[in-house]
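This report covers model confidence, surface patches and salt bridges. The sequence and structure come first.

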Amino acid sequence: AEEVNRHGSFLSENSDPSRVRSQRKSTWREEYDRLLAEVADALGGVAALDLTAEMITHRFTDKSKAVLNGWYPGSGLPMEEADRTRKLTKFGTGKWVLPREEMAAMRRFMTEALSSRLPRARLLYWT
């Protein structure tokens, strides 16, 4: 868990590493629903909550893929170019993003889950 924390995951220093391993068996939908439920519980007593969310889907460049594979060898993070769509950035470089249909389904799920778990939250950004 310390290695994961050092690279910016949402795990706290009190996270149980065995829980992290068991989470790998659940679906991303279950995990994000659980995360949003935990956020809702943590913010439950906040009066006049002004909450916004920005959601960024996983994407990678050829260079970042090598870095991530070095940091997390054997992680199972899906980074096969054949399963992605290549998109040009505003700087003319390429990045690999999820296919349009998958992005649309993901956005629907996340928007509904956010609305259900944190109804006062506003989604400011999705990519």
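## Surface patches

Patches here are made of residues with over 30% relative accessible area and no salt bridge, and like charges are joined within 9 Å. Asp and Glu count as negative. In this predicted model, Glu80, Asp83, Glu101 and Glu102 form a negative surface patch. Of these residues, Glu80 sits in the loop that runs between helix 4 (62-71) and strand 2 (85-88).

A nonpolar surface patch of about 320 Å² is made up of Ile56, Leu124 and Tyr125. Leu124 belongs to strand 4, which spans residues 122-126.

## Salt bridges

Four salt bridges are present in the structure. One of them joins the side chains of Arg34 and Glu31, with an N to O distance of 2.4 Å. Both Arg34 and Glu31 are in helix 3 (residues 28-43), where they are three residues apart, about one turn of the helix.

## Confidence

The average pLDDT of the chain is 84, and 81% of the residues score at least 70. Residues 1-15 have a pLDDT below 50, and this stretch makes 11 contacts in the model beyond near neighbours in sequence. Where pLDDT is low, predicted coordinates should not be read in detail.

Key
Residues numbered from 1 in each chain as written. Predicted model: local features only at pLDDT ≥ 70, side-chain atom pairs only at ≥ 80, totals over all residues. Heavy atoms only, no water. Patch = residues over 30% accessible without salt bridge, like charges linked within 9 Å, V, L, I, M, F, W, Y side chains within 5 Å. Areas by Shrake-Rupley, 256 points an atom, 1.4 Å probe, with all protein chains shown as cover. Charge placed at Lys NZ, Arg CZ, Asp CG, Glu CD. Helix = DSSP H or I, 4+ residues; strand = E, 2+ residues; numbered from the N terminus. pLDDT = per-residue confidence, 0-100. Contact = heavy atoms within 4.5 Å.
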